[in-house]
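Welcome, and please take a look at the sequence and the structure below. A short briefing follows, grouped by topic.

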Amino acid sequence: PLVGSQFTYTNVVADLRKFIRVYRQQVLALQYYNFINFGGEVPVRSLASFGGANSMRGYYDGRYRDNQQMILQAEYRVPVWKKFGVVAFGGMGDVAHNPVAYNFSTFKYSYGGGIRYALNKTERLNLRLDYGLTGDHHSGFYFQLGEAF
C-alpha cells in the first residue's frame with residue numbers, strides 16, 4: 001500500500017541445487033525448487049508458473065498456476081566429443097493453493113534429453129537444445145543459452 005499496490009502478500013522462493021561429479025567430467029545436477037505465496041490475494045502475474053525452459057521441460061510455461069509450486073528435478077550431463085555433450089533429465093512437481101493441498105499421487109512429471117555445445121568452457125557457458133516430454137502427452141523443444149539450472 002505504501003507504493004500504491006492493491007495487493008498485500010508475501011513471496012518466498014527456495015532454490016536448492018547440488019552438483020555431483022560422478023565420473024571424470026560427468027555431472028549429476030539436482031534441484032529442489034519451492035515457490036510460496038501467502039498472506040493475501042496474489043495477482044495472476046505473481047502466481048507460481050509451472051513449466052518452461054528451466055523447469056519441468058515439456059510443459060509450456062504457465063500450463064498450471066497457483067499460489068504454491070514444488071519441483072524436484074535432476075539432469076545427468078555427459079561430455080561426448082570436443083565441445084559437444086548430451087544430457088538426460090527428469091523432474092516431478094505440482095502447484096497447489098496452499099502447502100497442505102499438495103497431492104503427491106497427482107504430481108506431474110517430465111523427462112527428456114538434449115544436446116550441449118560449449119561456447120565458453122572456462123565460464124561453462126553452453127548453448128542447449130532440449131526436448132522434453134510429459135506424463136500427460138505434452139512435449140516441447142527448447143533452444144537456450146545456459147543450463148536449465
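In what sense do strand β6 and strand β7 pair, and over how many bridges? Strand β6 (residues 84-96) and strand β7 (residues 108-120) pair in the antiparallel sense over 10 bridges. This is a predicted model, in which local features need pLDDT of at least 70 and side-chain atom pairs count only at pLDDT 80 or more, while totals for chains, interfaces and linings use all residues. Residues are numbered from 1 along each chain as its sequence is written, and side-chain values use heavy atoms, with hydrogens and water left out.

**The sheet**

- Strands, like helices, are DSSP runs numbered from the N terminus (strands are E runs of at least two residues, helices H or I runs of at least four).
- Two strands count as paired if DSSP finds at least two bridges between them.
- Seven strands make up an open sheet in the order β1-β2-β5-β6-β7-β8-β9, with antiparallel pairing.
- At the edges are β1 (10-23) and β9 (139-145), each of which pairs on one side only.
- From one strand to the next, the twist averages 15° (axes are lines fitted to C-alpha atoms, for helices over the stretch in contact, and angles run from 0 to 180 degrees between N-to-C directions).
- Gly85 stands opposite Arg116 in β7.

**Salt bridges**

- A salt bridge here is a side-chain nitrogen of Lys or Arg within 4 Å of a carboxyl oxygen of Asp or Glu, and by this rule the count comes to 10.
- For burial, the cut-offs are under 20% relative accessible area for buried and over 50% for exposed, with partly exposed in between (1.4 Å probe, protein chains only).
- Arg116 forms a salt bridge with Asp130, with 2.6 Å between the closest N and O atoms. Arg116 lies in strand β7 and Asp130 in strand β8 (residues 125-134), so the pair ties together parts that are 14 residues apart in sequence.
- Arg116 is buried at 4% relative accessibility, and Asp130 is buried at 0%.
- Both belong to a network of salt bridges that links Arg57, Glu75, Arg77, Arg116, Arg128, Asp130 and Glu147.
- Asp94 forms a salt bridge with Lys108, where the closest N and O atoms are 3.0 Å apart. Because Asp94 lies in strand β6 and Lys108 in strand β7, this pair ties together parts that are 14 residues apart in sequence.
- Asp94 is buried, with a relative accessible area of 6%, and Lys108 is buried at 17%.
- Asp15 forms a salt bridge with Arg17, the closest N and O atoms being 2.8 Å apart. Asp15 is partly exposed at 32%, and Arg17 is partly exposed at 42%.

- Gln68 is found in strand β5 (residues 68-81) and is buried, with a relative accessible area of 3%.
- Contact means heavy atoms within 4.5 Å; not counting residues up to four places away in sequence, Gln68 touches a list of residues including Phe35, Asn37, Asp94 and Tyr102.
- A polar atom of the Gln68 side chain lies 3.0 Å from the backbone oxygen of Asn37.
- Ser46 sits in the loop between β2 (26-38) and β3 (48-50) and is buried at 14% relative accessible area.
- The side chains of Ser46 and Tyr9 make a polar contact (2.9 Å). The term means a pair of N or O atoms within 3.5 Å; within protein, one must be able to donate a hydrogen and the other to accept it, and residues adjacent in sequence count only if both atoms are side-chain atoms.
- Leaving aside neighbours within four places in sequence, Ser46 is in contact with Tyr9, Phe35 and Asn37.
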